[in-house]
Amino acid sequence: MDKLFIEGGKSLNGSVKISGAKNAALPLMAATLLAPGKHVLRNVPDLRDTRTLLKVMEELGATSERNGDVLTIDATHVNNYEASYELVRTMRASVLVLGPLVARLGRARVSRPGGCAIGDRPINLHVMGLEQLGATCIQESGYVDVKVDGRLTGNTIHFDLPSVTGTENLLMAAVLASGTTILKNAAKEPEIGNLVDMLLGMGAKIEGRDTDELIIHGVEELSPADCAIIPDRIEAGTYLIAIAATGGAGTVTNCIPEHLPALLNKLRATGLIIDEDENSISVSYPEGKGVADLQCIDIQTMPYPGYATDLQAQFMALMSLATGSAVIDETIFENRFMHVAELERMNAIIKIKGSTAVVTGKGEDGLVGAPVMATDLRASSSLVIAGLAATGKTEIRRIYHLERGYEKLVDKLTGLGAKVWKESS
Ligand code: EPU
């Protein structure tokens, strides 16, 4: 099993290019199932998760070819409607094939993803929505089996809470339904806007992009897509926090600053200087200031455009280096504090009560390197940030979590001046 080693205490400086967004690539890849023919997706990150979804899609009959960051998916011969437990259990986002398969084949049998380290992660809203579009959904033996005779039928669907992949699944189902579907209280994450753009390019009729009400006028067929994946706002935020945590100054390039409104405000509130350009964001310290001068700032995770849950763990690592105390309220997932015990091994001072963590910044005392365990993707990146900022050596185990969502992590960090390497054991 691979481990990641970090010799901490070196400030990160320079620039780092952001890859395509994992959480946009996954739904856009799934959306290719909607139309026969060859689809071209650009700026696709090469990650464990994108590879897993390609395996699921191969099982369904699609073929693919990667050339650099361009992925061509041929969905002509998609004829199998079953996504097996073996693959779905390794990545819950495989459930994104549900909507497009029912829309195209009238049937989908997809293993229920089950919980994961960060919470239960039910799919009741996906299933409820498909039923409201006229499908019959039977849940048995760990699978959800969805059938419809002919086409799905448009309907008005109200989400109890805005679900990102739930919105994406129902959007993909509704584009080929007969009649109009209205998705109310839909999620508004930029990755959904990216999916809307791809579907529009394929001939779908959708109104309300970037709002919580998507109106979809179903069409009979779609044509193959040619679409680029948006930059990964979570990767961009992670590098900005990493640079700040090491007292450095640097720029993330090839990103969309408007996709990170809450994080950039919070970073400014800590005392950092944040400069936004059209496609890049720079972070630096005021003259004569360093990490110990950062002020602790509270955050509460919220659906977009609120503060992203996927950047909570990384911000917590930064707060454990600042001065004062920060209240971190996780409102999206019920168990997303798995990194706390690991950060404590590095001398962070954090108290958890329910969905709230109170971090007491270490100020001048800083963190110290230690052997730690990665538990989920974003928790792992907070350990990387802590390790980069700590004095001494940090050894992170189970780094396959990191490989799910950070493309070329070691190369990118090394390019910024970090001393970081992987070892297999
Ligand atoms: N929820 C339900 N029922 C459902 C669906 C969701 O109760 O049917 C609840 C969830 O339990 C959670 C809330 O709704 O409390 C929001 O979950 P959501 O469905 O929005 O999450 P998701 O679609 O499963 C995506 C990202 C996650 C990210 C969340 C929140 C993808 C592939 N995954 O998950 O990304 O944390 O939205 O922004 O887009 C990550 O990249 O590390 C990651 C976990």
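Modeller: The predicted model contains 21 salt bridges, a salt bridge being a side-chain nitrogen of Lys or Arg within 4 Å of a carboxyl oxygen of Asp or Glu. In this predicted model, local features need pLDDT of at least 70 and side-chain atom pairs count only at pLDDT 80 or more, while totals for chains, interfaces and linings use all residues. Residues are numbered from 1 along each chain as its sequence is written, and side-chain values use heavy atoms, with hydrogens and water left out.

Biologist: What makes Arg336 and Asp310 a salt bridge?

Modeller: Their closest N and O atoms are 2.7 Å apart, which is within the cut-off, so the pair qualifies. Arg336 lies in the loop between strand S19 (325–329) and helix H11 (338–345), and Asp310 in the loop between strand S18 (299–300) and H10, so the pair ties together parts that are 26 residues apart in sequence. Helices (H or I, at least four residues) and strands (E, at least two) are DSSP runs, numbered from the N terminus.

Biologist: What places Asp310 at the ligand?

Modeller: An N or O atom in the Asp310 side chain is 2.6 Å from an oxygen atom of the ligand. A polar contact is a pair of N or O atoms within 3.5 Å (within protein, one must be able to donate a hydrogen and the other to accept it, and residues adjacent in sequence count only if both atoms are side-chain atoms), so this pair qualifies. The Ser163 side chain also has an N or O atom 2.6 Å from a ligand oxygen.

Biologist: Why do Asp197 and Arg209 count as partly exposed?

Modeller: Asp197 has 34% relative accessibility, so Asp197 is partly exposed. Arg209, with 36%, is therefore partly exposed too. Their side chains meet in a salt bridge (2.7 Å, N to O).

Biologist: How do you know that Glu168 has no salt bridge?

Modeller: The nearest side chain of opposite charge, Arg233, is 8.3 Å away. Lys and Arg count as positive and Asp and Glu as negative, with His and the chain ends not counted. The distance is not within the salt-bridge cut-off, so Arg233 does not pair with Glu168. Glu168 is buried and is found in helix H6 (residues 164–174).

Key:
Buried means under 20% relative accessible area, exposed over 50%, partly exposed in between (1.4 Å probe, protein chains only).
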